Amino acid sequence: MTSLPASLGGRPSFAKKIQMVKPVLPDFSELSEDINRILRSGMVTKGEYLERFESIIADHLKVKHAVAVSSCTSGLMLTYRGLNLSGDVVVPSFTFMATISALVWSGLNPIFADVDPNTTNLDPEIAEAMITPNTSAIVAVHNFGNPASIDALIDVANRHGIYLIFDAAHGFGSVYQGEPVGGQGDAQVFSLSPTKLLITGEGGIVATNNDDLARKIRCGREYGNNGSYDSEFAGLNARMPEINALIGINSFQKLENAAITRNGTANIYHQALANLPGIGFQKVAPGNRNSYKDFSITIDPDLFGMSRDILAQALHAENIDTRKYYDPPVHLQSAYLQYYSGSPIQNTEWLASHSISLPIWSNMNPDISSGICEAIERIHKYSETIVRTSGH
Ligand SMILES: Cc1ncc(COP(=O)(O)O)c(C=O)c1O
């Protein structure tokens, strides 16, 4: 067998495509009794499983309220409405588009702030410099599951008397200074979609210690109807159905293992790839745990020998799926250019054009991550020939 990379005619590292993500879901037999119970009861929404799921999550996150909603996006929209935000909101652009779309749907102006290139999270000093009298909140992200600089952001928000919300879409499994992310700031909003560590199918959780906000989220997920049928505000239908809550209760039992396995995969990636020149890793602060919802590296083409884009092509030939999170960054996406001031957002733009996310999931076999590292090593070894023949 030849040891040439597949892009130069060698045999692909994997016979079958290695996907970016494989959701870990229960066997039907594990849930069938409960599904029957739900269907027989007629309570397919707003029932006992929702209540149980919310209570398990509130205990786990150590928050007063964990309100389940239909998605992280709807949870963010209801949170912005529930806190009555107005005007400008400082937010990173190196994030998934939904962080920003929820702001725009709520009639708010995103003010794009740069991230720290090491953590890939919102830089508190840069965020503070962008606050004006028109700013009502900061929305920070635990990017790829790496806890944000929570204490520094709380200081900034307190100094300016504005709200602090976390888009915690990647946050289940993330630990900040010994505690799960969730209780810090005014609210944290999680996603439970199939790419996450804790899955309900589709779904989200708004975690908060603010009683009034929790009540408003509950009212807002019911169209804004507080029971009187006199709408308190314009709400949504953002309920989580019972079967999804049931899947969430089952998935929660596997959450800690999911985080441990993903950190093991990240270690394999780190150890093998750190031997190659020009590869950068997300830095996790001491005392924190990344959930590794995604495992993303940066490629410095001068040192590594090829660009991120050529590496992605070469990995594709090896049957390894990758993503370029987040390229383009949100401020350069068509729908959001109108909110962008036009001055470069340097770290964000550099990360967007140099980052590549590698496959990771909650029960990934170490042979797969090791095989991916070997493929990257081989591609690096032949970088000159690959670049020459790639047409770039
Ligand atoms: C950072 C971030 N925010 C928000 C969302 C939206 O989550 P959902 O699909 O649950 O609405 C995602 C989706 O993965 C995300 O990555």
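Mentor: Helices α3 (72-82) and α4 (97-105) each supply at least two residues of the shell around the ligand; helices here are DSSP runs of H or I with at least four residues, strands are runs of E with at least two, and both are numbered from the N terminus. This is a predicted model, where local features need pLDDT of at least 70 and side-chain atom pairs count only at pLDDT 80 or more, while totals for chains, interfaces and linings use all residues. Residues are numbered from 1 along each chain as its sequence is written.

In total, 13 residues surround the ligand, and the closest are S71, C72, F96, A169 and S191; a residue is near if its C-beta atom, placed from the backbone, lies within 6 Å. The shell has 5 nonpolar, 7 polar and 1 charged residues, where Ala, Val, Leu, Ile, Met, Phe, Trp, Tyr, Cys and Pro count as nonpolar, Asp, Glu, Lys and Arg as charged, and the others, Gly among them, as polar.

Next, the sheet. Its 3 strands form an open sheet in the order β10-β11-β12 with antiparallel pairing; two strands pair if DSSP finds at least two bridges between them. Because β10 (279-281) and β12 (355-358) stand at the edges with a single partner strand each, one side of each is left without a neighbour in the sheet. Strand β11 (residues 295-299) pairs with β12 over 4 bridges in the antiparallel sense, and T298 has S355 in β12 as its bridge partner.
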